[in-house]
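Welcome to this short tour of a protein model. Please keep the sequence and the 3D view open while you read.

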Amino acid sequence: RAVVSSNDHSGTLRCRAGRTATTPSHRALVIGATGIVGQNLANRLVAEGWSVYGLARRVEHLPGTVIPVAADALDPASLRTALAGVVPTHVFFTTWTRRATEKENCAANSAMLRNVIAALPEPQALVHGSLVTGLKHYLGPFEAYAQGAPPQTPFRESMPRLEVENFYYAQEDVLFEAADRHGFAWTVHRPHTVIGYAIGNLMNMGTTLAAYATLCRERGLPFVFPGSPVQWSSLTDVTDARQLASQILWAATSPAGRNRAFNVVNGDVFRWNWLWPELADWFGIEAAAYPGHATSLEQVLAGREADWAAIARQYGLREAALDRLASPWHTDADLGRPVECVTDMSLSRRLGFTGYRYTPDSFFDLFERLRTERYIP
């Protein structure tokens, strides 16, 4: 089996020997299977013929094709009970929990990953472990977001860790140690803002903007871009959840994808001053003139719960609670960055991953599904 040596944290291949990244029977355990990343990944794996276990605290909304595993990743006892008899070949960790400080984030998020591995009845059966983090690897945690000297773009996997506490680093260290101990291969995936279908998530820009645009149309509010001047004018990118699922699947089953960290974005770049009017047009509204400064979307949506509930009643929508759809704090954090964000994907491209998504379609496909599922009118 594979023997994985200590990691230098830059994503460099360190495998010395071993087994391939595939087995005759693929059994996946997706942690966070109801989230944007986990849900799209689970659906993709099922479509590829995998047996998929979906772990989440609430599993009632998982599709019937995914085997539900109800457990709290911060509760070792519940994990041991829920995972008894579950012997995955691949573990995909796609969730996180938010705490008041980054120190607490490090403790809680590393504990979740450590607890899951410890609760597996046969961790030696693992072939591959995948961890989804993000561009805060390069930008720093929310409490120190993009502060100090701006990082040089494009972001590359070879860039060193920042000299700050970061729960992504803590999670990586747990993954590397577990891979060493149990002899499985690993990958880390670093998307930018993930655009995809999921309801009730902490970080969901696409659905947040859909709710915002709907309120603007139905209540006559100006559809103002809430972000910083840098984000309005500079090049940037995002990650379609389906693109991310494709890269995770490729890396987990390709020898070229073993024991590396990969950036993953759609493959195109855009400026919000171009895309914002495109989004407005989809909703049949005009994009407001950019005011030249950030406008807190969290403040704009504060107190609009009754408006949303009335819109839900008017159109027979499935969700009357605005906070189940919108996460404006996260959208403010992403669009309020004072630095350019452009991500390099050359590493996975050179190794054989050729996935691509056109960014406007990432948003429009999401909006269409939200309308079809009756979350927006």
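To talk about holes in a protein, we first need a rule: on a 1 Å grid over the protein atoms alone, a cavity is a set of points where a 1.4 Å probe fits but cannot get out, and lining residues have an atom within 4 Å of a point. Grid points are joined across faces, edges and corners, and a volume is the space filled by probe spheres set on the points. Counted by this rule, there are two cavities of 30 Å³ or more.

This is a predicted model, in which local features need pLDDT of at least 70, side-chain atom pairs count only at pLDDT 80 or more, and totals for chains, interfaces and linings use all residues. Residues are numbered from 1 along each chain as its sequence is written, and side-chain values use heavy atoms, with hydrogens and water left out.

**The sheet**

- Helices (H or I, at least four residues) and strands (E, at least two) are DSSP runs, numbered from the N terminus.
- Two strands pair if DSSP finds at least two bridges between them.
- An open sheet is formed by seven strands in the order β5-β4-β3-β6-β7-β8-β12, with parallel pairing.
- β5 (67-70) and β12 (260-264) stand at the edges with a single partner strand each, so one side of each has no neighbour in the sheet.
- On average, neighbouring strands of this sheet are turned by 20° against each other, direction ignored.

**Strand partners**

- β6 pairs in the parallel sense with β3 over four bridges, and β6 also pairs in the parallel sense with β7 over four bridges.
- Val 91 in β6 is the bridge partner of Leu 29, while Phe 93 stands opposite Leu 131 in β7.
- His 90 and Phe 92 point one way from β6, Val 91 and Phe 93 point the other way, and all are buried; buried means under 20% relative accessible area, exposed over 50%, and partly exposed in between (1.4 Å probe, protein chains only).
- Strand β8 (residues 185-191) runs parallel to β12 and is joined to β12 by five bridges.
- Arg 190 has Asn 263 in β12 opposite.

**Helices on the sheet**

- Contact means heavy atoms within 4.5 Å.
- Axes are lines fitted to C-alpha atoms, for helices over the stretch in contact, and angles run from 0 to 180 degrees between N-to-C directions.
- Helix α2 (residues 76-83) lies across β3 (27-31), β4 (51-56) and β5, and runs at about 155° to β5.
- Helix α8 (residues 241-253) packs on the sheet, where α8 touches β6, β7, β8 and β12 and makes about 160° with the direction of β12.

**The cavities**

- Ala, Val, Leu, Ile, Met, Phe, Trp, Tyr, Cys and Pro count as nonpolar, Asp, Glu, Lys and Arg as charged, and the others, Gly among them, as polar.
- The largest cavity has a volume of about 40 Å³, and its lining includes His 192, Trp 272 and Arg 337.
- That lining of the largest cavity has four nonpolar, four polar and three charged residues.
- The second largest cavity has a volume of about 30 Å³, and among its lining residues are Val 91, Phe 93 and Gly 129.
- The lining of the second largest cavity has six nonpolar, two polar and no charged residues.

**A buried loop residue**

- Asn 204 sits in the loop between β9 (194-195) and α6 (205-219).
- Asn 204 counts as buried because its relative accessibility is 1%.

Methods
1 Å grid on protein atoms, 1.4 Å probe; cavity = no way out; pocket = protein on both sides within 12 Å on 5 of 7 lines; lining within 4 Å.
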